[in-house]
2 protein chains.
Amino acid sequence: MPRRIDAEARTAAIAEASLRVLEREGLSGLSVRGVAAEAGIAAASLRRAFATQHALREFCLQLIEDRVTARIAALELTDRALVDALLLQLLPIDKERRLELVAHVQLGVLSLTDSALRPAAIRLSEGVDRVCHVALRILAEAGQFHPSRDPEYEAQRLRALLDGIAMYGLLSGELPEGGPMLRVLSRHLDELAGP
Amino acid sequence: MPRRIDAEARTAAIAEASLRVLEREGLSGLSVRGVAAEAGIAAASLRRAFATQHALREFCLQLIEDRVTARIAALELTDRALVDALLLQLLPIDKERRLELVAHVQLGVLSLTDSALRPAAIRLSEGVDRVCHVALRILAEAGQFHPSRDPEYEAQRLRALLDGIAMYGLLSGELPEGGPMLRVLSRHLDELAGP
DNA sequence: ATTTTATGAGTACAGTCGTACTAACAAAGA
DNA sequence: TCTTTGTTAGTACGACTGTACTCATAAAAT
């Protein structure tokens with residue numbers, strides 16, 4: 001009957017505008033009017049797509065996970081090269097990934113004091129965990145993970161290392177492709193092949 | 001002549017109230033009226049101590065550094081036990097350290113979009129770096145850092161690992177003293193003694 | 001006792017916030 | 001063509017924000 005619109009595309013466009021606002025202005029910029037202006041729509045239209053601020057914030061976290069997942073799924077590599085590419089998707093090595101990461105930590109920090117947002121933040125965190133586990137399994141299948149090493153320990157260590165490198169990259173502005181911090185990650189992965 | 005007051009104690013009390021507010025309510029709670037109420041003083045008095053919001057936020061970061069530094073200086077341990085204690089001061093293992101860390105990341109994330117706050121945030125970050133370097137030097141002097149290892153690489157790796165564990169601890173609520181994440185750190189330090 | 005200062009409480013201003021409306025308009029299905 | 005739906009734009013409300021005042025009071029130094 002009526003004016004049909006692609007609701008999914010709308011919400012996705014709004015959420016992507018939200019990520020841009022989050023990176024440029026931070027949490028305080030994630031307002032109804034601000035996001036609507038960034039998305040180029042009326043505030044009332046945004047309000048139709050997301051009835052509350054909480055719904056918008058929650059969907060932003062979901063979008064980040066979706067985007068990272070999609071990029072990872074599109075990787076056409078194997079073995080160590082795949083592991084490298086996998087982990088790089090979670091680090092601020094360029095503008096696109098930095099955008100996601102800034103938005104991610106902004107909402108993650110908000111979730112520390114906004115209990116309603118914690119489930120979504122924890123879900124995203126578990127996704128990072130899964131990536132680390134998968135990365136180590138790929139290394140193992142490629143024979144680049146020494147049998148004497150403890151997979152669970154290494155997974156948790158890799159996860160912490162990854163997060164720490166990401167935080168460093170965010171604070172220092174950028175993570176140059178061949179820079180010292182990425183070399184730390186690469187060297188760490190190298191060592192996993194030995195005992 | 002006049003009613004003399006301990007300005008230092010006043011600003012410190014205000015900043016400590018700010019940290020409590022930051023942990024309980026997050027960045028949006030760090031308002032003039034909110035902090036003044038938490039500190040039990042009039043808003044105008046807070047405004048006398050800190051003329052702008054930026055001054056207050058900056059001083060909070062400074063206070064965090066001072067508190068951690070003071071705790072570290074008070075440690076009366078040696079060798080590996082000192083290193084353990086040193087690094088634990090930067091992790092959310094109890095309420096006091098969690099308070100500091102939550103406030104730290106809140107302001108750190110704010111500094112991503114508030115360039116005026118970045119110098120202070122970077123200063124605090126460099127303090128963490130120094131702690132990591134010192135920790136490795138203590139290990140080396142205790143003979144628990146294998147000569148074949150690269151000190152600079154290990155310092156950066158330790159720093160990222162520490163930050164990552166801290167972030168995990170914040171998100172998961174608490175870091176139990178003998179929990180898996182602290183065992184990761186301990187085991188990592190163990191490995192530094194070998195080649 | 002007088003002077004000097006910081007305090008507390010209060011008021012004010014111009015913004016922004018989330019949320020909730022209304023009303024006019026545009027487009028697609030029946 | 002008519003109906004249904006989503007769009008804009010605009011308004012409104014109460015609450016909060018940073019900043020900037022006033023003013024009476026309490027306390028320390030002279």
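In the predicted model, helix α9 of chain A (residues 180-191) and α8(B) approach until their axes come within 10 Å, and these axes cross at roughly 90°; α9(A) and α8(B) are therefore roughly perpendicular to each other. Axes here are lines fitted to C-alpha atoms, for helices over the stretch in contact, and angles run from 0 to 180 degrees between N-to-C directions; angles under 35 degrees count as roughly parallel, over 145 as roughly antiparallel, 65 to 115 as roughly perpendicular and the rest as oblique. On the α9(A) side the contact is made by A:Pro180, A:Met181, A:Val184, A:Arg187 and A:His188, and on the α8(B) side by B:Tyr153, B:Gln156, B:Arg157 and B:Ala160, two residues being in contact if their C-beta atoms, placed from the backbone, lie within 7 Å. By class, the residues of this contact of α9(A) with α8(B) divide into 5 nonpolar, 2 polar and 2 charged, where Ala, Val, Leu, Ile, Met, Phe, Trp, Tyr, Cys and Pro count as nonpolar, Asp, Glu, Lys and Arg as charged, and the others, Gly among them, as polar.

Residues are numbered from 1 along each chain as its sequence is written, and chains are lettered from A and ligands numbered from 1 in the order in which they are written. Since the model is predicted, local features need pLDDT of at least 70 and side-chain atom pairs count only at pLDDT 80 or more, whereas totals for chains, interfaces and linings use all residues.

Across the interface as a whole, 35 residues of chain B are in contact with 35 residues of chain A. The elements of chain B that give two or more residues to the side touching chain A are α1 (7-25), α6 (95-113), α7 (118-141), α8 (151-171) and α9 (180-191), and the largest share of that side, 14 residues, comes from α8(B). The side of chain B that touches chain A has, by class, 20 nonpolar, 8 polar and 7 charged residues. Of the interface residues of chain B, 100% are also interface residues in chain A, so the copies meet through the same surface. Chain B is superposed on chain A by a rotation of 180° with 0.0 Å of shift along its axis (RMSD 0.0 Å), the superposition being by least squares on the C-alpha atoms of residues with pLDDT of at least 70 in both. The two copies are thus related as by a two-fold rotation axis.

Chain A contains 9 helices and 0 strands, assigned as DSSP runs (helices H or I, at least four residues; strands E, at least two) and numbered from the N terminus. The C-alpha trace of chain A spans about 65 × 40 × 30 Å along its principal axes. Among contacts in chain A between residues at least 6 apart in sequence, 62% join residues at least 24 apart. Buried residues make up 37% of the 195 residues in chain A; a residue is buried if 20 or more other C-beta atoms lie within 10 Å of its own, exposed if 12 or fewer, and partly exposed in between, with C-beta atoms placed from the backbone.

The largest nonpolar core has 106 residues, and those with the most contacts inside it are A:Ile165 and B:Ile165; such a core is a set of buried Ala, Val, Leu, Ile, Met, Phe, Trp, Tyr and Cys residues joined through C-beta atoms within 7 Å. Leaving aside neighbours within four places in sequence, B:Ile165 is in contact with A:Ala160, B:Leu91, B:Met181, B:Val184 and B:Leu185.

Within chain B, the axes of α1(B) and helix α4 (residues 53-73) come within 9 Å and cross at roughly 90°, and α1(B) and α4(B) are therefore roughly perpendicular to each other. Their contact is made by B:Thr11, B:Ala12, B:Ala15, B:Glu16, B:Ser18 and B:Leu19 of α1(B) together with B:Leu56, B:Phe59, B:Cys60 and B:Leu63 of α4(B). The contact of α1(B) with α4(B) has 7 nonpolar, 2 polar and 1 charged residues.

In chain A, helix α1 (residues 7-25) holds A:Arg24, which is partly exposed, with 13 other C-beta atoms within 10 Å. Not counting residues up to four places away in sequence, A:Arg24 touches A:Gly29 and B:Thr113.

Most residues other than glycine have a negative phi. A:Asp79, by contrast, has a positive phi of about 50° although it is not a glycine; A:Asp79 is placed in helix α5 (residues 79-88) of chain A and, with 13 C-beta neighbours inside 10 Å, counts as partly exposed. In chain B, B:Asp79 likewise has a positive phi of about 50°.
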